[in-house]
Each structure stands twice: as C-alpha cells, then as structure tokens.
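I opened this entry to look up the core, the strands and how they pair. My notes follow the structure.

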Amino acid sequence: SDMSLDALGARDGVCFQLVMDSSGGDLLLTASVDGTAKLWSRESGQCLHTFEHVDAVRSASFSPDGTLVLSFSLEHAAYLWSTESGECLRTFEGYQESIRSA
C-alpha cells in the first residue's frame, strides 16, 4: 500500500483535496493536480479506482451514502462516478468558468 504524495497524484507536492467518506465506509478520496481523482481504502491503503480527467481535478466529494463521487476539473466539466465499479456514469459539460468546489 502506497499512500505517498506521488501515489496520491500530487505533483510537486500539490494534492488539491483529501476527503473521507462520511457514510461510515472505509473510503478516502483524493483530487489532484495530475488529472486524477483516486478512491482509496483507508484500511488497506490501496487505490481502488483512478478517475481520469483531461486536466487537474480541483474538487471531489462523496454522495451522502458513499456510492457516488462527483469530481470537477479545470477542463470545465464535472463527472459522476460509481465508487463500486469506478465507471463514469455521467458527464456534465458546458461550463464557461472553472468549477472550484464539488
């Protein structure tokens, strides 16, 4: 298990956000400058899914039940992901401004 800054997606020590699942689950979420949001197991430290983006991921958050992740990146898009499968369920595009918070 590698939860170093490099593994978290930090570039030059920059990881925009670290979020814990508040539903009581074992999940941890990072949003990083390397264009990824990553879902981690807090217990094992293993990366469960990597959510790929075109540009830096500024913000990510869990749904209240921990089954979904919403992430925003500098490419003016938001993505809805399944925490179980890692699949992108929906893309929200057309924003004129950069989104700063999920």
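I count a residue as buried when its relative accessible area is under 20%. The model is predicted.

**Strand 2.** I checked burial along strand 2 and found 6 of its 6 residues buried. Which residues lie on each side of strand 2? L27, L29 and A31 are on one side, and L28, T30 and S32 are on the other. Both faces are covered. In a regular strand, side chains alternate between the two faces of the sheet.

**Its partner.** I then looked at the pairing. Strand 2 and strand 3 run antiparallel and are joined by 5 bridges. T30 stands opposite K38 of strand 3. The hairpin of these two strands has 3 residues between them, and G35 there takes a positive phi near 85 degrees.

**Core.** I looked up the largest nonpolar core and got 14 residues. L29, F51, F62 and V69 have the most contacts inside it. Strands 2, 3, 5 and 7 each give two or more residues to this core. I listed the contacts of V69, skipping neighbours within four places in sequence. Among them are L29, F51, F62 and W81.

I traced a sheet of 4 strands in the order 5-6-7-8, with antiparallel pairing. In strand 8, F92 stands opposite A78.

Key: Residues numbered from 1 in each chain as written. Predicted model: local features only at pLDDT ≥ 70, side-chain atom pairs only at ≥ 80, totals over all residues. Heavy atoms only, no water. Core = buried A, V, L, I, M, F, W, Y, C linked by side-chain atoms within 4.5 Å. Buried < 20%, exposed > 50% of the residue type's maximum accessible area, 1.4 Å probe, protein only. Contact = heavy atoms within 4.5 Å. Pairing = 2+ DSSP bridges.
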